[in-house]
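Here's a quick walk through one protein model, written for someone who likes to know how each number was defined. Have a look at the chain first.

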Amino acid sequence: MHGRVKIKSTAQQEEEKRKEREKKLKIYVAARDACFSKRNEGVWDDEALQLTQQLLSSNPDFATLWNYRREILMHLETVKDEDEVQKIYEAELSFLESCLKVNPKSYGSWHHRGWVSARLPRPDWARELSLCDRCLSLDDRNFHCWDYRRMVVKMSGVPVDQELAFTDRLIGSNFSNYSSWHYRSTLLPLLHPESPEPPSPCREPPQTSPPPSPQTHSHRVCEEQLLKEYELVQNAFFTDPNDQSAWFYYRWLLGRAEREEMISCVYVSRDEERVAVAFSRPVNAQSVGLLLVLDGQPQRVEWRSVHPRFKHSPVWICDLPPGTINDISNEHNLTVHWTEKHTHRDCALYTGRAESWCRDSATDQELFRSELSVEKTSVLQSELQSVNQLQELEPLNKWCLLTIILLMRALDPLGYEKETLAHFQTLKEVDSMRSAYYSDLCSKFMIENTILKMEYAEVRVFSISDKNLTTLCHLDQLLLVTHINLSSNQLQQLPPQFAMLQCLEVLEADNNSIENLEGVYHLPKLEEVLLKNNKISTLADLQPLASCPKLKRLDLRGNPVAQTLNVESELAELLPSVTDLLL
């Protein structure tokens, strides 16, 4: 056995490793406690700096130690001259590079580097950009590095076109570089902004119009550059149709700027002496400066959202003082001013009319094309042809199918309705894990189409039965609807947004799976509710109906609650206005 190396047993090896770990832990804990003790005593010396460096070298995610280290460095700034401070911070940057080698995605290290770079008397931004290039070459999705790079670019004044060329290089080497695509989307509107559109005729211009700044710049890109971007991104998804990065960027390219903030509808009712106002987006009417003027006189009214759960809502209501407009022989002119946005909406209530409204239709607002651009139809048609060609090669590619649906929606939502439904069915089959998402999206599109058809027919009846709806949306567009038919779908609830249907008189929702009526809340005109064959199981589920003062007819046949003992007498107590109850 002489001259042969003795092999230790596994148990011996584990025991030695344990003792080594304990030894290192004792050293670490002692250094940590020494740091905490010094900080509590307000000591900011070189020894404290060395202790924090020792600890952070092995654990760069100790946020408290980075905070202490910054306190020490700020103290040194007060006792050192500029050249000494420059050397201290340059050494700090070198130390940080070693920390980033331990953990390239350390929150603390990147945050501290940004802090140091901002305080450095003579920063070397070229060095920092080079560091970012090296880190991104190792991991092009290191979002900490991307954030830091954006800070460096801003501080050093790197031209936007130079950064755009940087994204060209990264995307050219890897189409799957999602971070580069995203960065590109922030640069293009700055370098190639869309021409500003003329102001809307319904809009009052502000007294002064300051020039646009990069912070308030349009997020849209001019059409000439968009055509070039379409070609670039098509090269990407034709190369790898299953990579999602290029498809997400393509969706952004096709997207439109946010809708103009405006009052889209004003409704006034003599019977309830109530005014309802719909906005183009959810707002808090109690804080945005909403003024109601009746016959030239400002009114002191209290605005409230249609449901207690909403602090921000697209529909707000207020009650006028009793006797203000209830005389049908009088004519009234009403104006709602949105002072914050310098816009207003007028509404005339004529003699003999019980109600009146003034609104922009969904068609006027191009509401349902807001997800895609309003560029020339020929451009979108060309894009649809290109993606259709890819779909012929990749018939089961979910990104391709979804993009085709969006393009069809932008071009002709009603004309392409049949093809859209077929594509949704294919999507549910090839991407079954997201079938619920596709069902909700399909429901959204079906509701949009029904609203368009309803507006073309100029009726206040909304009927969308037997369409496999799983969700309800765009309910603010149904403010004026008096009769809604949702029967034979797959709805599980009438959500709080349902309370926006302030003119609703008849609700048909038979043959669904509804078990929650939360949205049937304070609907002042609701008279008839048909809920046959749903899943309403308790009287508590029917409580929202008690807030509807004109409810007369209620059909609950086929619901579990109908089998409850004494339900008829309890319902009579809960809903005393109901005279026609079917159980």
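Predicted model: local features only at pLDDT ≥ 70, side-chain atom pairs only at ≥ 80, totals over all residues.

Residues are numbered from 1 along each chain as its sequence is written, and side-chain values use heavy atoms, with hydrogens and water left out.

**Domains**

The chain is assigned domain 1 (10-158), domain 2 (220-257 + 367-439), domain 3 (263-361) and domain 4 (458-582); such bounds come from an automatic or database domain assignment. Taken over C-alpha atoms, the centres of domain 1 and domain 3 sit 58 Å apart.

**Cavities**

Four cavities of 30 Å³ or more turn up in the structure. A cavity here is a set of points, on a 1 Å grid over the protein atoms alone, where a 1.4 Å probe fits but cannot get out, and lining residues have an atom within 4 Å of a point. Grid points are joined across faces, edges and corners, and the volume is the space filled by probe spheres set on the points.

| Cavity | Volume | Lining by class |
|---|---|---|
| Largest | About 50 Å³ | four nonpolar, two polar, three charged residues |

The largest cavity is lined by Tyr-267, Ser-269, Glu-272, Arg-274, Val-275, Ala-276, Gln-502, Pro-524 and Lys-525. Two elements give two or more residues to that lining, strand E1 (263-269) and strand E2 (274-283), and E2 supplies the largest share, three residues. Helices (H or I, at least four residues) and strands (E, at least two) are DSSP runs, numbered from the N terminus. Domain 3 and domain 4 each put at least three residues into this lining.

Arg-274, one of the lining residues, belongs to strand E2. Is Arg-274 buried or exposed? Its relative accessible area is 16%, so Arg-274 counts as buried; the cut-offs are under 20% for buried, over 50% for exposed and partly exposed in between (1.4 Å probe, protein chains only). Beyond its neighbours within four places in sequence, the contacts of Arg-274 include Arg-304, Asp-319, Gln-502 and His-522, where contact means heavy atoms within 4.5 Å.

Around the second largest cavity are Trp-247, Phe-248, Arg-251, Trp-399, Leu-402 and Thr-403.

**Helix H9**

H9 (residues 178-191) has 14 residues and spans 20 Å from first C-alpha to last, close to the 20 Å expected; that expectation is 1.5 Å times one less than the number of residues. Among its buried residues are Trp-181, Tyr-183, Arg-184 and Leu-187. The buried residues of H9 pack against helices H7 (143-156), H8 (160-173), H10 (223-239) and H11 (244-254).

Most residues other than glycine have a negative phi. His-474 has a positive one, near 55°, and is buried at 19% relative accessibility. Ser-488 also has a positive phi, near 60°, but is partly exposed at 29%.

How values were computed. 1 Å grid on protein atoms, 1.4 Å probe; cavity = no way out; pocket = protein on both sides within 12 Å on 5 of 7 lines; lining within 4 Å. Nonpolar A, V, L, I, M, F, W, Y, C, P; charged D, E, K, R; others polar.
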